[in-house]
Amino acid sequence: MSGRTPTVESTEVPGARQPSRGTAVVRQTFGYVNWTLRPNREPDAPPTRFKFRCLTEDESGKPCGTESKESENFAIARDWTFAHMQSHPTHVSYAEVVVRPWAMWRIGPTR
Ligand SMILES: [Zn+2]
């Protein structure tokens, strides 16, 4: 998935001074930038987190909906399903819910 957004880039030119005011010269580029969305695997990305939700339906078709706590440790979330089934022996259907960080990445200007 990708898209593009209009952008304005400003770059200070090192050592360049406008004679009359003494301020740095700023160069601006107008154009479009391409973006792409992909999993964020950078060191500072938020951690991937897991949880499970009970999907077992009662006689009227209403799902249980009880969920484990969200955890960075998959085994903690998974183990909740066994504890839930111990207290609700007919609850055997679950959904894994994964919260995985994604980020928009700039892939360069286009014309
Ligand atoms: Zn349940």
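Leaving aside neighbours within four places in sequence, Ala77 is in contact with Phe50, Lys51, Phe52, Ser68 and Ser71, two residues being in contact if their C-beta atoms, placed from the backbone, lie within 7 Å. The model is predicted, with local features needing pLDDT of at least 70 and side-chain atom pairs counting only at pLDDT 80 or more, whereas totals for chains, interfaces and linings use all residues. Residues are numbered from 1 along each chain as its sequence is written.

Ala77 also belongs to the largest nonpolar core, together with Phe50, Phe52, Cys54 and Tyr94. Such a core is a set of buried Ala, Val, Leu, Ile, Met, Phe, Trp, Tyr and Cys residues joined through C-beta atoms within 7 Å; a residue is buried if 20 or more other C-beta atoms lie within 10 Å of its own, exposed if 12 or fewer, and partly exposed in between. Strand E3 (residues 49–54) supplies the largest share of this core, three residues. The covered face of E3 comprises Phe50, Phe52 and Cys54, and the uncovered face Arg49, Lys51 and Arg53. In a regular strand the side chains alternate between the two faces of the sheet.

E3 runs antiparallel to strand E4 (residues 94–99), to which six bridges join it; strands pair if DSSP finds at least two bridges between them. Val97 in E4 is the bridge partner of Lys51.

Overall, the protein contains one helix and five strands, in the order β-β-β-α-β-β from the N terminus. Helices (H or I, at least four residues) and strands (E, at least two) are DSSP runs, numbered from the N terminus. Of its 111 residues, 5% count as buried. Among contacts with a separation of 6 or more, 63% involve residues 24 or more positions apart.
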